[in-house]
Amino acid sequence: MTEGMREKAQEKTTLVLGGTGKTGRRVAERLTARGLPVRVGSRSGEPPFDWDDPATWEPVLRNVESAYVAYQPDLAFPGAAAAIRSFSELAVRSGARRLVLLSGRGEEEAAISERAVRDSGAEWTILRASWFSQNFSEHFLLEPVLGGEVAFPAAAVAEPFVDVEDIADVAVAALTEDGHVGRLYELTGRRLLTFAEATAEIAEATGREVRYVPVTPEQYASALVEYDVPADYAKLLTELFARVLDGRNAHLADGVQRALGREPRDFADYARDTAATGVWDGGR
Ligand SMILES: NC(=O)c1ccc[n+]([C@@H]2O[C@H](COP(=O)([O-])OP(=O)(O)OC[C@H]3O[C@@H](n4cnc5c(N)ncnc54)[C@H](OP(=O)(O)O)[C@@H]3O)[C@@H](O)[C@H]2O)c1
């Protein structure tokens, strides 16, 4: 091994869990653009990382200085807090100095995972995010938008949709700057919107007919099962949605402003820029 190869092998890196997903992909891209070494942690990564297989955790943690931790499928699901605790402890034992956790707003179970990261001994930052705008374009609401009808159990509750571009900016700041250690940021967008209003803004940006149809949690769970989602998973998901959309999160927070010194991106900008990518052009 040459000196250069040895240095490369020992170079400290940033681990980005969920590094091909909505937030992680953007975090990894931003770090790479700055010339910083990055390791993507996911089942398709090299080496592979799987939350369901703790034997895969130690190899991805080698030479890791800091880690962005986005859990799958959701911090509110059974087993999440235990996995986050074990992973955080192992990360610190493996030499990681800093952990940045993506968490969910208004989720009691997620708060247990937050506590585990805070207790780990690492320099920590918690990103407690509201509902992602990109759920309409990169996640389970894309297909309904393309079908022209977003049937969802959110009644008329208002949600401060957050743009994942803002989450990625805050995550990168927390990973690379010292001023965010020991901070919990509640990350929301700059406006409260009902699902009907958000859907109407997408319709306007795309010029297509898309409407929001409020359904009951029971109707939604049944529809998921019809789409081959396992019944117990459909139940967990619907219960989670019912909790976080019961009005508890219907207020703005200042996490983006506090972390970055600027306003969050607006939902209208998200809708306009996303329409321009063509992702909403298919379907009906
Ligand atoms: N959506 C929202 O509105 C919202 C709001 C607040 C908080 N959150 C939180 O956001 C987190 C999800 O982050 P995200 O939306 O950025 O991710 P995401 O888009 O759901 O991406 C999934 C990522 O996780 C990897 N992955 C999937 N299953 C895995 C497994 N078993 N083990 C390891 N990696 C796995 C995927 O890569 P591979 O397929 O290669 O494994 C991919 O990189 C959740 O914890 C959720 O609670 C979401």
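Glutamate 201 is buried, with a relative accessible area of 19%. That falls just within the rule, because buried means under 20%. The model shown here is predicted. In it, glutamate 201 sits in helix H9, residues 195-206. What does its side chain meet? Glutamate 201 and arginine 191 form a salt bridge, at 2.9 Å from N to O. The pair links distant parts of the chain, 10 residues apart, with arginine 191 in the loop between strand S8 (183-187) and strand S9 (193-194). Arginine 191 is partly exposed, at 29% relative accessible area.

Side chains of opposite charge can pair when their charged atoms come close. How many salt bridges are there? The count comes to 30. One of them joins arginine 98 to glutamate 123, with the closest N and O atoms 2.9 Å apart. Arginine 98 belongs to strand S4 and glutamate 123 to strand S5 (residues 123-129), so this pair ties together parts that are 25 residues apart in sequence. Arginine 98 is buried, at a relative accessible area of 2%. Glutamate 123 is partly exposed, at 24%.

Another pair is arginine 211 and glutamate 149. Their closest N and O atoms are 3.0 Å apart. Strand S10 (residues 211-214) holds arginine 211 and strand S6 (residues 149-152) holds glutamate 149, so the bridge ties together parts 62 residues apart in sequence. Glutamate 149 is partly exposed, with 38% relative accessibility. Salt bridges also link into a network, with Arg25, Arg26, Glu29, Arg30 and Glu138 among its members. Glu165, Asp166, Asp169 and Arg262 belong to that network too.

Now take a charged residue without a salt bridge. Glutamate 159 is buried, and its nearest side chain of opposite charge, arginine 105, is 5.3 Å away. A salt bridge needs the atoms within 4 Å. What does glutamate 159 reach instead? Its side chain comes to 2.8 Å from the backbone nitrogen of tryptophan 131. Glutamate 159 lies in strand S7, residues 158-159.

Next comes the ligand. It is surrounded by 27 residues, and Thr20, Thr23, Ser42, Ser44 and Tyr71 are the closest. That shell divides into 10 nonpolar, 12 polar and 5 charged residues. Which element gives the most to the shell? Strand S4 (residues 98-104) does, with 3 residues. Several polar atoms face oxygen atoms of the ligand. A backbone N or O atom of glycine 18 lies 3.4 Å from one. For a backbone N or O atom of phenylalanine 132, the distance is 2.9 Å. Asparagine 135 brings a polar side-chain atom to 2.8 Å. The ligand taken alone exposes 920 Å², and the protein buries 86% of that.

Finally, look at the backbone. Glutamate 46 and proline 47 are joined by a cis peptide bond, with omega about 0 degrees. Proline 47 is in the loop between strand S2 (38-41) and helix H3 (57-60). A cis peptide bond also joins glutamine 72 and proline 73. Proline 73 is in the loop between strand S3 (64-69) and helix H4 (80-93).

Asparagine 63 is not a glycine, yet its phi is about 60 degrees. It lies in the loop between H3 and S3, and it is partly exposed at 27% relative accessible area. Aspartate 228 has a positive phi near 70 degrees. This aspartate 228 is found in the loop between helix H10 (217-226) and helix H11 (231-244). Is aspartate 228 buried or exposed? Aspartate 228 counts as exposed, at 69% relative accessibility.

Note on methods. Residues are numbered from 1 along each chain as its sequence is written. This is a predicted model: local features need pLDDT of at least 70, side-chain atom pairs count only at pLDDT 80 or more; totals for chains, interfaces and linings use all residues. Side-chain values use heavy atoms; hydrogens and water are left out. A residue is near a molecule or strand if one of its heavy atoms lies within 4 Å of it. A polar contact is a pair of N or O atoms within 3.5 Å; within protein, one must be able to donate a hydrogen and the other to accept it, and residues adjacent in sequence count only if both atoms are side-chain atoms. Accessible areas come from the Shrake-Rupley method with a 1.4 Å probe; for residues, only the protein chains shown count as cover. Helices (H or I, at least four residues) and strands (E, at least two) are DSSP runs, numbered from the N terminus. Ala, Val, Leu, Ile, Met, Phe, Trp, Tyr, Cys and Pro count as nonpolar, Asp, Glu, Lys and Arg as charged, and the others, Gly among them, as polar. Buried means under 20% relative accessible area, exposed over 50%, partly exposed in between (1.4 Å probe, protein chains only). Lys and Arg count as positive and Asp and Glu as negative; His and the chain ends are not counted.
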